[in-house]
Amino acid sequence: MKGLVIFDLDGTLLNTIADLGHAANYALEQCGYPTHPISAYPRFVGSGITRLLERVLPESARTTDRAEALRGYFMEYYNEHMADDTVPYNGIPELLSSLTEKGIKVAVASNKYQSAVEKLIARYFPAIPFAAVEGQKEGIPVKPDPSIVFEILGKVPTPKAEVLYVGDSGIDMETARRACVESAGVTWGFRPVSELREAYADHIVETPSTLLRIATE
């Protein structure tokens, strides 16, 4: 049985894509750029806000300065509307409850900025005693750099053989590989199963109940 399960947030615990897309579109509109359909956003997200804002810009305008110009508008909108359409994936609250009831610690490792991660976890999972909730912080590289996993392990010392890292993207699987922990790629998130396989996910998981079995066997 695992001692610690570390979860990605967006696309793994919560379906946040509509609220992220609306915030990015608001920023684009404010700066005079064309917007994107929400259905396009799964391919833009996953690497933090900076990379998201770079990706949504027209190709000819993709510079760091222009992405930074979007950031203020994005944050203004997202901080007020991050929970408008966001919902937990089916079975996730029950999964988290089952893991903690069995004595397995749970944690979050996200490329979303720290304050937003804390707000979303508090809103959607108030009864879950997360051992660590880590988002993107100034000076700490984003995933797939494994620093965020090591930060969690510093707070929740656990042998790596007893750690399971769960995410929905190749970035998550690479993060787990670099941290030398077991990985599970979920199929209900923002990325295709082919990406998880190409990133050498140790497990491909189609339901939360399957994830529970992997964590407790």
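**View 1. Helix 1 passes helix 3 in a right-handed crossing.** Right-handed means that the near helix is turned clockwise from the far one by less than a right angle, left-handed anticlockwise. Helices (H or I, at least four residues) and strands (E, at least two) are DSSP runs, numbered from the N terminus. The model is predicted: local features need pLDDT of at least 70, side-chain atom pairs count only at pLDDT 80 or more, and totals for chains, interfaces and linings use all residues. Residues are numbered from 1 along each chain as its sequence is written, and side-chain values use heavy atoms, with hydrogens and water left out. The axes of helix 1 and helix 3 (residues 64–81) come within 8 Å and cross at roughly 140°. The pair is therefore oblique. Axes are lines fitted to C-alpha atoms, for helices over the stretch in contact, with angles from 0 to 180 degrees between N-to-C directions. Under 35 degrees counts as roughly parallel, over 145 as roughly antiparallel, 65 to 115 as roughly perpendicular, and the rest as oblique.

**View 2. Residues of helix 1 meet residues of helix 3.** Helix 1 brings D19, L20, H22, A23, A24, Y26, A27, L28 and Q30. Helix 3 brings L70, Y73, F74, E76, Y77, Y78 and H81. Contact means heavy atoms within 4.5 Å. By class, this contact has 11 nonpolar, three polar and two charged residues. Ala, Val, Leu, Ile, Met, Phe, Trp, Tyr, Cys and Pro count as nonpolar, Asp, Glu, Lys and Arg as charged, and the others, Gly among them, as polar.

**View 3. Helix 4 (residues 92–101) packs with helix 9 (residues 208–216) at about 15°.** Their axes are 9 Å apart. Helix 4 is therefore roughly parallel to helix 9. I92, L95, S98 and L99 of helix 4 touch P208, L211, L212 and A215 of helix 9. This contact has seven nonpolar, one polar and no charged residues.

**View 4. The largest nonpolar core has 52 residues.** Such a core joins buried Ala, Val, Leu, Ile, Met, Phe, Trp, Tyr and Cys residues through side-chain atoms within 4.5 Å. F7, L13, F74, Y78, L96 and F125 touch the most other members. Helix 1 (residues 17–30) gives the most to this core, with six residues.

**View 5. Helix 7 (residues 170–179) is mostly covered.** Seven of its 10 residues are buried. Buried means under 20% relative accessible area, exposed over 50%, partly exposed in between (1.4 Å probe, protein chains only). The cover includes strand 4 (105–113), helix 6 (147–155) and helix 8 (193–198). C180 follows helix 7, with a positive phi near 65°.
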